[in-house]
Amino acid sequence: MRKKTRYVLATLTMFLMATVLTACSSLTSPYNPHKKLGPQINYTITGIDAGAGIMASTQNALKEYPLAQNKWQLQTSSTAAMTSTLAKAIKYKQPIVVTGWQPHWMFKKFPLKFLKDPKNVYGSSEQIHTIARKGLAKDNPGAYKILKQFHWTPSQMSDVMLQTNAGVDPKVAADNFIKKNPKLYQEWTKGAAKGNGKAVKLTYVAWDSEIASTNVMAEVLNKMGYKTTIQALEMQPMWASIATNAADASLSAWLPNTAGLYLKQYKDKIDDVGPNLNGAKVGLAVPKYMKNINSIEDLINK
Ligand code: PBE
């Protein structure tokens, strides 16, 4: 009897060790389409900073699909930590699910695809809007006109982002872009009054996309004779800065979905100038080598 107990214990220990070892090694193994995805990545979606709209949307996705009920969780980190984890995973062809958005250089640098979102939790297409304080149109019509006329494409924005990602100072990258695109500069500034040293204060959230747009706008305004300052803030204070007239404008409003709650909250206190970029997108993304994972529903089913 004792011998038998010892035997059972030994077998159990070996079994446990083997399980732990497989569990550990599977976390660093290449993606295996013949095994369930969840256990291969500890049911974890790699996210970014807690305040981002994409994190709130992903919490909704956890409920709606229902991922949370199936052990899935969202890990908070930062854009920088997320993209570096992503780079490592891709290097070794490992499975990974991230919060992804476009425009962003991650889609240029890595072979990524968005997962289909049949429940439309992330909204179909996003725009980035420019918002201004109420009264800017009246107090500073020249700057307002330029803000209103500022519009560009995801690939133009990516041009600036890729420069800064390669280490170019954002201001220099913005300048390079304006020099390369004189026609755009003309469109944006057409019919607008010169600044003659008039101050403009822009606030932004320090996402790569808004570092790009805000620096370009600041350079454009400065070339037109305005004296522009830019200030990076978290998302909530950024919206508040416009609503309370502490700043003149911001080019950082991802709508209608990502920052939808803020627009709802501040609707009557800000001037929604309109989109500065169409065709933005927000969702969950995986590397293209995860061929059988194409929809958020596959996270549970496959
Ligand atoms: N983003 C980039 C932001 C907006 C811009 C998608 C990470 C967000 O989730 O709020």
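Modeller: What follows starts with the core and then turns to one helix and the ligand site. Keep in mind that this is a predicted model.

Take the core. The largest nonpolar core has 94 residues. Trp-72, Trp-152, Trp-239 and Leu-299 have the most contacts inside it. Strand β9, residues 270-287, gives the most to this core, with eight residues. Domain 1 (2-124 + 283-301) and domain 2 (126-280) both contribute residues, so the core lies between them.

Now Trp-72. Neighbours within four places in sequence are left aside here. Trp-72 is then in contact with Leu-37, Gly-38, Ile-41, Tyr-43, Thr-44 and Ile-45, among others. Leu-299 is itself one of the core residues with the most contacts.

Next, helix α11. This helix covers residues 208-223, 16 residues in total. From first C-alpha to last it reaches 23 Å, close to the 22 Å expected at 1.5 Å a residue. Of its 16 residues, 12 are buried, so α11 is largely enclosed by the rest of the structure. After the helix comes Gly-225, with a positive phi near 95 degrees.

Last, the ligand. It is surrounded by Ile-48, Ala-52, Gly-53, Ile-54, Trp-101, Trp-207, Met-235, Trp-254 and Thr-258. A backbone N or O atom of Gly-53 lies 2.7 Å from a ligand oxygen atom. For Ile-54, a backbone N or O atom lies 2.8 Å from an oxygen atom of the ligand.

Definitions and conventions:
Residues numbered from 1 in each chain as written. Predicted model: local features only at pLDDT ≥ 70, side-chain atom pairs only at ≥ 80, totals over all residues. Heavy atoms only, no water. Helix = DSSP H or I, 4+ residues; strand = E, 2+ residues; numbered from the N terminus. Expected span 1.5 Å × (residues − 1). Buried < 20%, exposed > 50% of the residue type's maximum accessible area, 1.4 Å probe, protein only. Core = buried A, V, L, I, M, F, W, Y, C linked by side-chain atoms within 4.5 Å. Domains from an automatic or database assignment. Contact = heavy atoms within 4.5 Å. Near = heavy atom within 4 Å. Polar contact = N/O pair within 3.5 Å; in protein donor to acceptor, adjacent residues only side chain to side chain.
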